[in-house]
Amino acid sequence: MGQSPCLSESFKTHMKNGKMRAVGVLPGKRVVSLVSHPAPEIASASQVKIRTIEVGICGTDREICSFAYGTPPDGSEFLVLGHEALGEVVEVGASASQFKVGDLVVPSVRRPCPHRACSPCQSDRQDFCFTGDFTERGIKMTHGFLTEYFVDEERHLNLVPSELRDVGVLVEPLTVAEKALAQVFQVQQRLPWENLTAGKGKGYGKTAVVLGAGPVGILGCMTLLVNGFTTFVYSRSPAPNPKSDLVNSLGAKYISAQTVPLGRFAAEVGPVDLVYEAAGVAQISFDVMKLLALNGIFVFTGIPAEKPAIPIDADCLMRDLVLKNQVIIGTVNADRPAFEGAIRDLGVFKRRWPEALGSLITGRYPIEAFEDLLLDKGAGIKSVITLE
Ligand SMILES: [Zn+2]
Ligand SMILES: [Zn+2]
């Protein structure tokens, strides 16, 4: 990737000119580079200005940097990347009463579409937007957080307790599991007798399988464990490896799909009440779907790239879906309760697994390391760019 044509001065000179460093993707030129970006100012009383502390890097960022998707705002040649952010409030608009200077915040990602007829967006549920005209910070038509300061409406910000400063950057990836489980529990209200286990966790006596051991998978595993599920993680890499060690230390069981074929996996885990897919791979997903128990639920969170069609046991799966009352859910993005749940559960995780939670963040890097983090496949579990 080419060096930025835009950044020729030092950081300090930029700030004097009201400019900041940012990591931008220029789809028109197929370039990812450091860009010079105007420092934002509060433009209305309900806005808050935030200094970026840390930004997590994920597969979505890497896909944008391969130009699979990612759209700059109208009139901009580049899109500032970054959608997993932790920041500190530095200025508060006159009517933004929920926050004060010094507060830690995590912003949500999706912003509502402008259409009055879109009831989800009109109800602050842009995660269910049906027009497709929503924007997403750092992904679709709105600049992201991989820069030094950003401004947002206070209703898109979530307060993070100061004791979660070292792990707050994990809030956004954890919202995937939070929204997924909220929907699982909504669907399972069709089983009112399940409430008989109230007080022991909604997953008490149930078996869950997580597909994939990336950050979304491991955070999902933690969420399932604190809800009481007996949890298995089925992932490609042979064990032992750092991820299998981490998963096993939580009290879940890591099983390698490369060395333990489906039949042996099925015999070990028994009927599966919930599958939480976080691998983005269709073949293993539809294979494991066959292990779903009576009244079971399968949640897809991964987004596979387009590939040639693969054979699946369609009749067997359809028969089971009907005869076993099974449900398949796809889930994207998150609402405010999912962010609040993620912040609450990060506190629970930190108390229960202080070392393991911290070890999810396998590297902290300066902004200059963006090329290694965004253009390579990515090593470790979660890489983070630190801006302070
Ligand atoms: Zn992400
Ligand atoms: Zn909408």
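Helix axes are lines fitted to C-alpha atoms over the stretch in contact, and angles run from 0 to 180 degrees between N-to-C directions. Helices (H or I, at least four residues) and strands (E, at least two) are DSSP runs, numbered from the N terminus. The model is predicted: local features need pLDDT of at least 70, side-chain atom pairs count only at pLDDT 80 or more, and totals for chains, interfaces and linings use all residues. Residues are numbered from 1 along each chain as its sequence is written, chains are lettered from A and ligands numbered from 1 in the order in which they are written, and side-chain values use heavy atoms, with hydrogens and water left out.

Helix H5 (residues 215–226) packs against helix H6 (residues 242–250) at an angle of about 10 degrees. Their axes are 10 Å apart. H5 is therefore roughly parallel to H6 (angles under 35 degrees count as roughly parallel, over 145 as roughly antiparallel, 65 to 115 as roughly perpendicular and the rest as oblique). Contact means heavy atoms within 4.5 Å. H5 contributes Ile218, Cys221, Met222 and Leu225 to the contact, and H6 contributes Lys243, Leu246, Val247 and Leu250.

On the H4 side, the contact is made by Val171, Glu172, Leu174, Thr175, Glu178 and Lys179. The H10 residues include Phe339, Ile343, Leu346 and Phe349.

The largest nonpolar core has 53 residues. Such a core is a set of buried Ala, Val, Leu, Ile, Met, Phe, Trp, Tyr and Cys residues joined through side-chain atoms within 4.5 Å. Leu274, Leu346 and Leu360 have the most contacts inside this core. Its largest share, seven residues, comes from helix H4 (residues 171–187). Beyond four places in sequence, leucine 346 is in contact with Leu164, Val167, Gly168, Leu170, Val171, Leu174 and Leu357. A second, separate core holds 30 residues, among them Val48, Val105, Ile139 and Leu157.

Two zinc sites were examined. Donors are N, O and S atoms within 2.8 Å of the metal (3.2 Å for Na, K and Ca); water is not among the atoms, so sites may look incomplete. The zinc ion (ligand 1) has Cys58 (SG), His83 (NE2) and Glu84 (OE) as protein donors, lying 2.0 to 2.2 Å from it. Their spacing along the chain is C-x24-H-E. Cysteine 58 lies in the loop between strand E3 (47–57) and helix H2 (59–64), and histidine 83 in the loop between strand E4 (79–80) and strand E5 (84–92). Cysteine 58 and histidine 83 are buried (under 20% relative accessible area; exposed is over 50%, partly exposed in between; 1.4 Å probe, protein chains only).

The zinc ion (ligand 2) is held by Cys113 (SG), Cys118 (SG), Cys121 (SG) and Cys129 (SG), at 2.3 to 2.4 Å. The donor spacing is C-x4-C-x2-C-x7-C. Angles of 104 to 113 degrees make the arrangement tetrahedral (four donors with all angles between 85 and 135 degrees). Cysteine 113 and cysteine 129 are both buried.

Threonine 207 lies in strand E12 (residues 207–211). At 14% relative accessibility, threonine 207 counts as buried. Beyond four places in sequence, its contacts include Phe229, Phe232, Val269 and Leu274. Serine 235, in strand E13 (residues 230–235), is buried at 12% relative accessibility.

Definitions and conventions. Tetrahedral: all angles 85-135°; square planar, octahedral: opposite > 155°, others 65-115°.
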